[in-house]
Amino acid sequence: MKLSIGIVGLPNVGKSTLFNAILKKSPFAPQSGATEGQAGCAKIANYPFTTIEPNVGVVEVPDERLPVLAKIVKTEKIVPAIVEFYDIAGLVKGASKGEGLGNKFLSHIREVAAIVHVVRLFEDDNVIHVANKISPADDMTIVDEELILADLETLSKQKEPKMNATKDELAAYELAQLLKKELNQGKPARMIKFSNEELQLIKPLNLLTLKPVLYVFNVSEKQLENSEETQKIIVKLLNCQIAGNSLAVQQYNNFIIINAKLENEVLALPESEQKEYLKQFNLEDTGLNRLIKKSYELLGLISFLTAGIKEVRAWTIKKGTLAPQAAATIHTDFEKKFIKADIVTYQDFVSCNGWIKVRDQGKVISAGRDYVMKDDDVVEFKVGA
């Protein structure tokens with residue numbers, strides 16, 4: 001399963017600075033000769049629309065379990081789960097009507113599974129703001145409003161069902177009318193409660209405001225040092241935005257605080273020195289690692305693990321995935337030919353030092369088609385010919 005995240009926000013909020021930190025971490029990014037739109041450094045400049053085509057960076061999901069497993073099974077090949085980040089051109093008020101790079105922005109954002117919305121909290125006279133003032137509340141509102149307007153345009157194209165319409169077609173149309181009403185009141189689709197069946201009915205609309213959002217507040221070093229006070233400001237800011245919507249409270253809890261410039265500086269250091277450097281800001285991990293992990297959680301994803309002589313690997317699946325569907329992530333034929341799955345917890349696999357002892361001690365589960373995969377499962381699938 002491919003995890004794709006679009007980095008969005010107004011121009012000059014620090015999106016491309018953050019993205020360049022992502023590229024420094026990416027083992028797939030070329031070190032030189034990359035052009036914009038490829039996996040290379042995003043342009044940074046003190047004017048809007050420096051980034052036009054989305055830059056793409058592929059980053060490994062941090063997973064401390066993989067090298068431990070590799071040591072046990074004596075393999076040097078480790079294949080972690082990955083995240084694709086897209087640095088998308090800055091949005092401005094009127095984007096839904098084609099202002100700035102509106103149409104290009106909206107088409108790019110439709111392609112991603114989730115949105116990382118970078119919001120500027122830092123003040124710097126040397127970095128201009130598109131509205132000539134620092135107002136994170138206004139910035140967030142502009143992005144939400146433009147995405148809502150784009151979705152309303154999509155919904156306006158939904159035609160009334162014909163006399164012979166199916167039950168699903170009628171239900172989908174009714175949902176579209178409900179969505180129009182809610183969106184016109186300024187409520188993004190992700191803040192409306194839908195059943196799983198309803199979500200399937202509106203999935204073909206590919207609504208922008210239905211995509212899950214992770215807010216990244218780009219702060220100054222001083223704001224980062226005073227993280228407790230900064231968090232209070234952010235919580236107050238978000239509470240104003242949600243206006244008492246209980247579902248929105250849960251949505252808006254998805255945020256992290258970073259200093260995008262600092263991220264670039266940290267990743268330029270040897271790994272052994274990074275944590276020491278972060279300590280002065282009371283941080284245990286880089287903002288980038290926190291961003292990757294939080295993005296993974298945001299989409300309700302987990303990793304099951306395979307550990308053999310050929311390789312140790314993390315495979316990305318949705319929470320609640322059954323064993324046969326998990327097997328299909330390795331090879332599509334495995335779901336159809338699935339017989340069973342030998343499963344052991346990561347902890348037991350490590351304490352028993354591999355498959356032989358863990359089987360001898362009876363700690364391996366022989367799981368069938370109705371087994372729900374868990375995040376710490378180490379698996380061997382048995383499939384037919």
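Strand 6 (residues 213-218) is largely enclosed by the rest of the structure, because 6 of its 6 residues are buried. The cut-off for burial is under 20% relative accessible area. Both faces of the strand are covered in this predicted model. On one side, Val213, Tyr215 and Phe217 are buried.

Strand 6 pairs with two strands, strand 5 and strand 7. Strand 5 spans residues 114-120 and runs parallel to strand 6. The pairing of strand 5 with strand 6 extends over 6 bridges. Within this pairing, Val116 stands opposite Leu214 of strand 6.

A helix pair was examined next. Helix 10 comprises residues 260-267, and helix 11 comprises residues 271-279. Their axes come within 9 Å. The crossing angle is roughly 145°. Helix 10 contributes Leu262, Glu265, Val266 and Leu267 to the contact. Helix 11 contributes Gln274, Tyr277 and Leu278. By residue class, the contact between helix 10 and helix 11 holds 5 nonpolar residues, 1 polar residue and 1 charged residue.

At the level of the whole chain, the secondary structure consists of 16 helices and 12 strands. The chain has 385 residues, and 50% of them are buried. The accessible surface amounts to about 19,700 Å². Carbon and sulfur atoms account for 51% of this surface.

The mean pLDDT is 82, and 81% of the residues reach 70 or more. Among the elements, helix 15 (residues 346-351) has the highest mean pLDDT, at 97. Helix 9 (residues 246-252) has the lowest, at 51. Over residues 29-53 the pLDDT is below 50. Beyond near neighbours in sequence, this stretch still has 65 contacts in the model.

Methods:
Residues are numbered from 1 along each chain as its sequence is written. This is a predicted model: local features need pLDDT of at least 70, side-chain atom pairs count only at pLDDT 80 or more; totals for chains, interfaces and linings use all residues. Side-chain values use heavy atoms; hydrogens and water are left out. Axes are lines fitted to C-alpha atoms, for helices over the stretch in contact, and angles run from 0 to 180 degrees between N-to-C directions. Helices (H or I, at least four residues) and strands (E, at least two) are DSSP runs, numbered from the N terminus. Contact means heavy atoms within 4.5 Å. Ala, Val, Leu, Ile, Met, Phe, Trp, Tyr, Cys and Pro count as nonpolar, Asp, Glu, Lys and Arg as charged, and the others, Gly among them, as polar. Buried means under 20% relative accessible area, exposed over 50%, partly exposed in between (1.4 Å probe, protein chains only). Two strands pair if DSSP finds at least two bridges between them. Accessible areas come from the Shrake-Rupley method with a 1.4 Å probe; for residues, only the protein chains shown count as cover. pLDDT is the predictor's confidence in each residue, from 0 to 100.
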